[in-house]
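Let's walk through this model together, going from the whole chain down to a single residue. Keep the viewer open as you read.

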Amino acid sequence: MGAAILFHGRMPMQGATGEVGSQLYDLMPEHLPALWAIGLAVVGGIWLTRRGRGPRMEAFRQLPLRVRAVIALLLVSGAAHAGLAWGSTGGWRALFAVSAAMAAIIALRIVDGKTWRRWAGLLLAGSLVGYWIEVIGGHPADQIGITVKALEAFALYLVLSPSPDQAASRRFRQAAATTGLVVISILNATAVWAGAFGSASGDTNPLDHHNHGTITPGMVVNAGEMSEISVAQQAEADQLWTATAAFTDRYRDVSVAAADGYQVANVAGSDFHASNPVYQNDGLMLDPTKPENLIYAMGPDGPVLLGVMFETEGLRNEPLTTGGAALDWHRHEQVCFALTPPGLAGLVDPFGNCPVGSLAIPTTNSMMHVWTLQGAPTKFGDLDEAWKQEYLDNLES
Amino acid sequence: MNQTSVVAEPAALPPGLAESREAPAEGRPRLAASLLTFQAAMYVVTAVEAAAMSAISGAAGWGPVVLSLLLVFALLRSARRVRQHRPWRRVRVLEFSLLGWAAIDLALAVFLSSTWLGLLPTLTRIAVPVTVIVLLSKKQVR
């Protein structure tokens, strides 16, 4: 049993394996210099800490551990921006270079015993806000950016936390810093999700000429599915739809579905996938009389059958080529599977976390939707959410 | 319980150097407490996301939300314990649990996926508890 809560959008990225997915779980090629720069900064920092000589290194070693951590995090942020400057052009290059230089200057100010908290706070806050604006504005977030921003949020928390010389207002400042960290983390995640889904919902992808085949975080399709659909493939797809719609009409009555082995006991929400464990392991694929899942939405008078979802058996099996690109086969990546109770708990979040009690599943088997509901705007792929909601609202009235 | 403060009195030093009076035994638990708070903030995000997911689909119910909030509470309490130099054996047990959970996710990623997509945040999830465990591995000063 499970519910498909994985929406599909656009703006895909071509992966190394020929598959197309979201940048959220990937590294953007133009960000790779930043990764290399971070690596160099970490190795260089460790070497300097152990072997470095001179008054500044002595002063560094005398600093409290948390202040040394701030320096390390500033240098990681600076290195990332230096790497980005290397791979950028024009105004962006200048902006990244200035940010990297400021990080280095503030690190030196800390070691030299000059005032630094205000400057570090401003730099880190500016970097975070700039990133949020950038990703919401349509530049997709990738793993390098997300990780660096998480580290910057932690650095900002350390900057805002009270030091021993602020004993008088210590408790208040600590609470304020903790609250600030929580707020920043939520804003960080919100911006990344909004950016990832926002950029995926645009109609700007030249590869994707389906009206309904869409890609967002958590979804992966084979690049081959972006090819043209032949007349013969379209005929195969239409034939499959007709046969499926005719046979599964009986499942509008959930008691019939239950009698045939579909798990319809707890239908909820507007996109509930009722699986049939027997059909999921019967060795058959694309059998219109034995779809692996039925899809229901909860209407005012009970479950409403929307369509079916076919699946491949196992992670390694490739889907049939019947219908070609018209069928919109896809799989999902980075999904959270809850054990309390068993069910899909969402996508792995930008920081790599799943809700407690669930596991991060890196990839699923291939699957494909067929929408059999009369009047549905599409037969395969994604069913338009607005249309579906309007349909359900009309049932209520 | 009587506790001896290891934090020196503040004195007139340049702003940037005032903190350098922190005693060495204080530094490790303070950084560990900060990392615990950082972890708690991450799981607040997770709880919010799980709540949104539960509201949309209801597939996994509210169990993941409640469990995530319990973890947030445990992490914030742990941070306070460490900051106050109270016994932190349970904190280390909690961190080992989070480390084990991240390791299972990492193993799944390596064995089920042929690429390293999604691994960078998972590595961060491993690095944080490892750092906390190392920071709290020194003999506790009370």
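How far apart do the C-alpha centres of domain 1 of chain A and domain 2 of chain A lie? They are 46 Å apart. Domain 1 covers 22–200, and domain 2 is made of 227–330 + 366–396; these bounds come from an automatic or database domain assignment.

A word on conventions: residues are numbered from 1 along each chain as its sequence is written, while chains are lettered from A and ligands numbered from 1 in the order in which they are written. The model is predicted, with local features needing pLDDT of at least 70 and side-chain atom pairs counting only at pLDDT 80 or more, whereas totals for chains, interfaces and linings use all residues.

Now look at where the chains meet through helix α6 (residues 143–160) of chain A and helix α4 (residues 119–135) of chain B. Helices here are DSSP runs (H or I, at least four residues), numbered from the N terminus. The two axes, lines fitted to C-alpha atoms over the stretch in contact with angles from 0 to 180 degrees between N-to-C directions, come within 9 Å and cross at roughly 30°. The helices are therefore roughly parallel to each other, a label for angles under 35 degrees. On α6(A), the contact (C-beta atoms, placed from the backbone, within 7 Å) is made by A:Gln143, A:Ile146, A:Thr147 and A:Ala150, and on α4(B) by B:Leu120, B:Pro121 and B:Thr124.

Finally, zoom in on B:Leu120, which touches A:Gln143 and A:Thr147, not counting residues up to four places away in sequence.

Notes
Helix = DSSP H or I, 4+ residues; strand = E, 2+ residues; numbered from the N terminus. Parallel < 35°, antiparallel > 145°, perpendicular 65-115°, else oblique. Contact = placed C-beta atoms within 7 Å.
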